[in-house]
Each structure stands twice: as C-alpha cells, then as structure tokens.
Amino acid sequence: MNKKVALITGAYKGIGLEIARQLGQQGIIVLLGARSISKAQEAADVLRKEQIEACGVELDVTDGNHIRSVADLIKLEYGRLDILVNNAGVYLDHLGNTPDVMRSSFEVNVFGPQALSEALLPLLKASPAGRIVNQSSILASLGTLLSNEMYGSRSAPAYTTSKAAMNAWTVQLSISLRDTNVKVNACHPGWVKTDMGGESAPMEVSEGAETAVWLATLPADGPTGGFYHKQEALPW
Ligand SMILES: NC(=O)c1ccc[n+]([C@@H]2O[C@H](COP(=O)([O-])OP(=O)(O)OC[C@H]3O[C@@H](n4cnc5c(N)ncnc54)[C@H](OP(=O)(O)O)[C@@H]3O)[C@@H](O)[C@H]2O)c1
C-alpha cells in the first residue's frame with residue numbers, strides 16, 4: 001500500500017468531514033469515524049463521489065470495543081496508518097456545572113482520544129511520517145482566558161478544562177514519542193460555522209479544517225508538541 005491512510009474521528013459532519021475531504025484531495029485514503037455507522041458510510045459516499053478514497057467506520061471514541069475493532073480493521077484492511085486526527089469533541093457546559101458534565105466532557109475530549117491514540121500507536125510508529133492532531137480550542141489556553149475579555153467572559157469549566165487537559169496530554173505524548181517519526185500537535189480551528197460553533201461563527205468549515213490538515217501533513221522538520229492556529233503557535 002503506497003498511499004497514506006488517515007483516520008479522522010467525529011468525521012461525518014462539521015470540521016471533521018472537511019478535514020477528511022481536504023486530506024482526501026491530497027490523495028490520502030481517509031477513514032471517517034462516527035458513532036453511527038450509517039452516518040459514517042453516508043459521509044464516505046459523499047466523498048467518494050468527489051473521487052476521494054473514503055471509508056466509514058463505527059467509532060464512538062469512548063467505547064473500548066469500537067477502538068479495538070477499528071485498530072484491527074485498519075491493520076487488516078490497510079496495513080498502515082499515517083495520520084490520526086482526534087477531532088471528535090463535545091461542548092456540554094449548557095447542561096450545567098456538574099460533575100457528570102465534567103466527567104462526560106473528559107470522556108470524549110480526553111480519555112477517548114488518549115485510548116484511541118494508544119491503540120493506534122504501533123501502526124503510527126511504523127509509518128515513515130506518523131502524525132497525531134488533537135483538535136483543541138483557544139478556550140483551552142489559560143493565558144488567553146485570563147487576558148482576553150471576549151474569551152474569558154463566558155464560564156465553560158468542563159469544555160475548557162477538558163481541552164486544556166488535551167493540550168497537556170499532547171505535550172506529554174510528544175515527549176514520549178520524541179525518538180520516533182510520530183509528531184503530535186494540538187490545534188485551534190478558529191470559530192467555525194458548525195453545529196457546535198453556531199451560525200454566527202465567522203469561519204466556514206473549509207477554512208476551519210486548514211490548521212488540522214497542515215499539522216496532519218507536516219514535513220519531517222515540522223514541529224511537535226505545539227498548539228497552533230493557522231501555522232502560528234498559540235499560548236498554553
Ligand atoms: N466549531 C468551532 O468553532 C470550534 C472551535 C474550537 C474547537 N472546535 C473543536 O472542533 C471539533 C469539531 O467540532 P465541530 O465544530 O465540527 O462540531 P460538530 O459539528 O458538533 O462535530 C462534533 C463531532 O464530534 C462527534 N462526537 C461527539 N461525541 C463523540 C464520541 N463519543 N465519539 C465519536 N464522535 C463523537 C459528533 O458526533 P455525534 O453527532 O454523533 O455526536 C460530531 O461528529 C471539536 O473537537 C470541537 O471542540 C470547534
């Protein structure tokens with residue numbers, strides 16, 4: 001198999017689908033993860049009509065059985081994985097400031113990506129250019145929350161702390177993979193028009209996918225262990 005293979009989580013809609021599209025347009029085989037297999041397959045059908053090699057996979061990132069099945073499928077069907085984009089995420093703070101909301105947010109935004117990455121590391125390490133991209137948010141930047149009135153004006157403890165934990169884990173994982181070909185970075189897509197970002201967001205998904213796509217296709221001398229938006233490093 002000469003073509004690169006990428007897995008994108010939460011990829012049947014929004015920024016995830018657009019990341020898959022833009023990676024596919026570069027000739028990369030894209031596997032679209034979604035909790036619903038039918039939604040994953042429908043999204044893959046859309047991309048295939050655009051001449052992109054795409055396949056839908058059932059993947060709830062909080063489900064260990066799904067993670068194991070996807071890892072086995074990739075190994076058997078493709079024999080390689082070059083790119084993992086941990087894009088699936090939830091913003092649940094509107095449900096209240098409760099331990100359950102905090103726990104559920106960490107399950108999807110932190111523990112899921114961590115378990116999935118661990119399961120896929122053997123394949124990523126075997127790639128000549130393994131790349132892990134963690135879809136974070138500017139709201140994870142503690143420095144920004146404290147210094148920027150707009151970002152600091154709204155309280156969202158579950159989202160911000162889970163994405164900040166994702167950022168801290170990104171750094172830890174990059175340290176543990178320092179002697180490998182695998183680069184790990186976190187990114188902020190921008191404020192993007194999606195179900196999560198809402199209609200008033202200024203950015204379209206095509207622009208929102210750009211940072212993750214750049215990090216997913218970094219050259220060998222590209223950065224690792226960073227937090228980026230549009231190729232600019234962001235404060236932690
Ligand atoms: N839009 C923005 O302005 C913005 C800004 C900063 C960061 N982000 C980040 O960008 C990422 C994509 O968000 P988006 O804006 O494209 O929002 P979106 O359209 O709501 O997409 C979120 C995706 O995550 C999936 N997801 C949720 N829980 C999951 C789970 N347990 N397992 C697998 N998939 C799950 C959703 O699938 P279901 O429909 O099945 O739940 C959906 O496909 C998120 O990580 C978000 O935090 C977005």
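In this predicted model, helices α3 and α4 run roughly parallel to each other, because their angle of about 25° falls under the limit of 35 degrees that is set for this description. Helix α3 covers residues 64–77 and helix α4 covers residues 99–126, and their axes lie 10 Å apart. The crossing of these two helices, α3 and α4, is right-handed. On the side of α3, the contact is formed by I67, A71, I74 and K75. On the side of α4, the residues taking part are G112, A115, L116, A119, L120 and L123. Sorted by class, the contact of α3 with α4 comprises eight nonpolar residues, one polar residue and one charged residue.

Helix α1, residues 14–24, and helix α2, residues 37–49, cross at roughly 35°, and their axes come within 11 Å. The crossing of α1 and α2 is right-handed. Here L17, A20 and R21 of α1 meet A43, V46 and L47 of α2. The contact of α1 with α2 contains five nonpolar residues, no polar residue and one charged residue.

The next topic is the aromatic rings. A pair of aromatic rings is described by the distance of the centres and the angle of the planes. Y91 stands in the loop between β4 (83–86) and α4, whereas Y159 belongs to helix α7, residues 157–176. The pair thus links distant parts of the chain, 68 residues apart. Y159 counts as buried because its relative accessibility of 7% is under the cut-off of 20%.

The pair of W214 and Y228 has ring centres 5.3 Å apart and planes at 80°, and it is therefore edge-to-face. W214 lies in helix α9, residues 210–216, and Y228 lies in strand β7, residues 227–229, so the pair ties together parts that are 14 residues apart in sequence. With a relative accessible area of 13%, Y228 is also buried.

Finally, attention returns to helix α7, in which S162 is located. Is S162 buried or exposed? Its relative accessible area is 0%, and S162 is therefore buried. When residues up to four places away in sequence are not counted, S162 touches S105, F106, N109 and V110.

Definitions and conventions: Residues numbered from 1 in each chain as written. Predicted model: local features only at pLDDT ≥ 70, side-chain atom pairs only at ≥ 80, totals over all residues. Heavy atoms only, no water. Axes fitted to C-alpha atoms, helices over the stretch in contact; angles between N-to-C directions. Helix = DSSP H or I, 4+ residues; strand = E, 2+ residues; numbered from the N terminus. Parallel < 35°, antiparallel > 145°, perpendicular 65-115°, else oblique. Left-handed = near helix turned anticlockwise from the far one by under 90°. Contact = heavy atoms within 4.5 Å. Nonpolar A, V, L, I, M, F, W, Y, C, P; charged D, E, K, R; others polar. Buried < 20%, exposed > 50% of the residue type's maximum accessible area, 1.4 Å probe, protein only. Phe/Tyr/Trp six-rings, centres within 6.5 Å; stacked < 30°, edge-to-face > 60°.
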